[in-house]
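Work through the exercises below with the sequence and the structure open. Try each task before reading its solution.

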Amino acid sequence: MLLEAPFTEEKIRALKVGDQVEITGLVFTGRDAFHKYLHDGGKPPVDLKNSIVYHCGPVVVKEGGKWVVKAAGPTTSIREEPYQGPLMEQYGIRAVIGKGGMGPKTLEYCRKVGGVYFHAIGGAAQVLAERVVAVEGVHLAEKFGAPEAVWEFRVDRFPVVVTMDSHGGSLHEKVLAESEANFRKLVD
Amino acid sequence: MEAKVLQKHLLELIRRTSAELPSDVVESVDRGWRREKKDSTGKYALKVIRDNIVMAKDKSQPLCQDTGTIICYADLPAWCDERTFRKAYEWAVVKATKVGYLRQNSVDSITGVNSGTNLGPGNPGYHFHPAQGKSLKVRMMLKGGGSENMSVQYALPHNGLGAGRDLEGVRRVLLDAVLQAQGKGCGPGILGVCIGGDRGTGYAAAKEELFRLLTDENEDPRLRKLEKRIMKEANGLEIGPMGFGGKTTILGAKIGHRNRVPASFFVTVAYMCWAFRRNGFVLSEGGRISRWLYDS
């Protein structure tokens with residue numbers, strides 16, 4: 001299914017675990033340095049209300065005076081677990097794209113504020129870079145370095161899977177519980 | 001041989017390693033994709049992965065944006081000393097970073113500053129050995145941070161897992177490593193394993209196991225049996241591609257061993273992601289590549 005900007009609470013609340021979604025609109029990259037910066041009281045360089053933050057450290061190079069995205073897959077999200085939920089609430093971040101899923105704290109905030117976790121396919125940097133149709137800006141690049149900077153990506157039909165929704169559902173919790181049960185059968 | 005020739009070959013090695021997966025990995029991913037249930041999230045993940053493999057090769061761009069730690073083994077013949085190799089290698093790494101085959105991936109651990117060139121203390125890494133013959137053999141692997149974070153070292157006996165100092169104990173901790181990784185190491189993964197060694201050599205040897213072909217069979221019949229069993233049982237955990245659930249949790253388990261001191265029994269797991277980037281070449285003194293070590 002297609003999800004187009006603006007990313008309103010109503011649209012996000014309609015999503016369920018397992019939905020295969022294609023996102024069209026503007027997303028901001030942000031990873032470790034950015035989340036810590038916001039947590040420490042740093043001012044957001046972009047308006048985060050109803051935004052999607054993408055956990056991604058892309059390869060971006062300048063060609064003929066223009067930024068070109070060479071690779072843009074997701075990075076592991078769980079490192080932002082301490083910060084993500086409170087930042088979603090404080091700044092109105094509506095959704096997160098990443099990989100590996102997040103924990104109970106973020107899941108609880110998704111329920112509370114009407115947020116969702118989108119899982120992109122880890123390592124699929126080319127398929128995902130192809131869906132970034134324009135780089136509309138870059139912030140904090142000098143402070144954090146290119147991979148950790150906040151890039152404004154205009155995306156078109158960017159493919160993700162909902163693995164945590166605003167109704168308390170988490171594919172990660174489900175797979176963990178089932179695989180633990182399978183493991184016990186093998187070793188007990 | 002002129003320095004420029006070696007530089008050019010090493011740059012091509014980095015490009016190939018970053019953009020093209022060896023055919024043993026591609027075939028294994030395809031088998032996984034065929035195995036997964038229609039319309040499942042796991043099959044969807046493998047479909048995107050397959051598309052990505054084709055696209056990266058066509059565009060000659062990194063398969064994954066995390067071009068990882070550069071692991072390089074060079075067997076140096078008499079005509080190529082360490083200094084000559086290092087100079088050419090560092091040139092190739094800087095150039096590859098500039099053109100986007102490699103991401104800027106070398107961060108000062110004290111200040112957090114990215115060197116921007118992939119050079120810095122310990123970067124790029126290398127292991128030198130004297131060559132047996134007259135050719136220069138280079139093997140390279142790019143290992144991303146997500147998979148490296150899922151690598152783990154167990155000290156046996158392990159009470160919680162009921163793992164003693166024998167192959168049954170090894171089996172238990174290997175299955176636990178896969179369980180703990182879930183989808184976080186960008187599975188389906190590959191396990192490079194070392195039984196024994198010390199904490200340092202264990203990791204180095206576990207990573208070297210990853211240079212083996214996915215299709216090969218362990219020469220040691222005990223380890224061959226264990227590898228097959230781990231493949232079957234780890235996939236039976238049903239963690240699936242990306243941890244979405246499904247039958248394809250790992251693509252391979254490659255197990256080696258080193259002697260240990262009586263007091264220690266380490267089992268080290270180097271977890272590798274599906275973007276299993278490795279390649280290498282054999283170069284003659286005349287500057288010609290006689291063969292690539294993996295088809296891509």
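**Setting and Exercise 1: a strand residue**

A:V135 sits in strand β8 (residues 132–139) of chain A; helices (H or I, at least four residues) and strands (E, at least two) are DSSP runs, numbered from the N terminus. The model is predicted, so local features need pLDDT of at least 70 and side-chain atom pairs count only at pLDDT 80 or more, while totals for chains, interfaces and linings use all residues. Residues are numbered from 1 along each chain as its sequence is written, chains are lettered from A and ligands numbered from 1 in the order in which they are written, and side-chain values use heavy atoms, with hydrogens and water left out.

Task: Find which residues A:V135 touches, not counting residues up to four places away in sequence.

Solution.
- Step 1. Apply the contact criterion, heavy atoms within 4.5 Å.
- Step 2. The partners of A:V135 are then A:W67, A:V69, A:W151, A:E152 and A:F153.
- Step 3. For A:W67, 68 residues from A:V135 along the chain, the C-alpha separation is 6.4 Å.

**Exercise 2: helix pairs in chain A**

Task: Are α2(A) and α3(A) roughly parallel to each other or oblique? Treat α3(A) and α4(A) likewise.

Solution.
- Step 1. Axes are lines fitted to C-alpha atoms, for helices over the stretch in contact, and angles run from 0 to 180 degrees between N-to-C directions.
- Step 2. The axes of α2 (residues 32–39) and α3 (residues 81–91) of chain A come within 10 Å and cross at roughly 60°.
- Step 3. Angles under 35 degrees count as roughly parallel, over 145 as roughly antiparallel, 65 to 115 as roughly perpendicular and the rest as oblique. α2(A) and α3(A) are therefore oblique to each other.
- Step 4. On the α2(A) side the contact is made by A:H35, A:K36, A:L38 and A:H39, and on the α3(A) side by A:Y83, A:Q84, A:L87 and A:Y91.
- Step 5. For α3(A) and α4 (residues 104–113) of chain A, the axes come within 8 Å and cross at roughly 10°. This pair is therefore roughly parallel.
- Step 6. Residues of α3(A) that meet α4(A) include A:E81, A:P82 and A:M88, and those they meet include A:K105, A:Y109 and A:V113.

**Exercise 3: a helix pair in chain B**

Task: What is the angle between α6(B) and α8(B), and how do the residues of their contact divide by class?

Solution.
- Step 1. α6 (residues 167–181) and α8 (residues 221–236) of chain B pack at about 35°, with axes 10 Å apart.
- Step 2. Among the α6(B) residues in the contact are B:L167, B:R171 and B:L174, and α8(B) contributes B:L223, B:L226 and B:E233 among others.
- Step 3. Ala, Val, Leu, Ile, Met, Phe, Trp, Tyr, Cys and Pro count as nonpolar, Asp, Glu, Lys and Arg as charged, and the others, Gly among them, as polar. The contact has 9 nonpolar, no polar and 5 charged residues.

**Exercise 4: domains and chains**

Task: How much area is buried between domain 1 and domain 2 of chain B, and how much between chain B and chain A?

Solution.
- Step 1. Domain bounds come from an automatic or database domain assignment, which gives domain 1 (3–21 + 63–144 + 277–292) and domain 2 (146–272) in chain B.
- Step 2. Buried area is the accessible area (1.4 Å probe) that two parts lose on being put together, summed over both. The two domains of chain B bury about 1,000 Å², 59% of it on carbon and sulfur atoms.
- Step 3. B:M141, B:K143 and B:R278 supply 53% of the area that domain 1 of chain B buries against domain 2 of chain B.
- Step 4. Chain B and chain A bury about 3,500 Å² between them, with 63% from carbon and sulfur atoms.
- Step 5. On the chain B side, B:Y44, B:Q65 and B:F244 lose the most area to chain A, together 19% of what that side buries.
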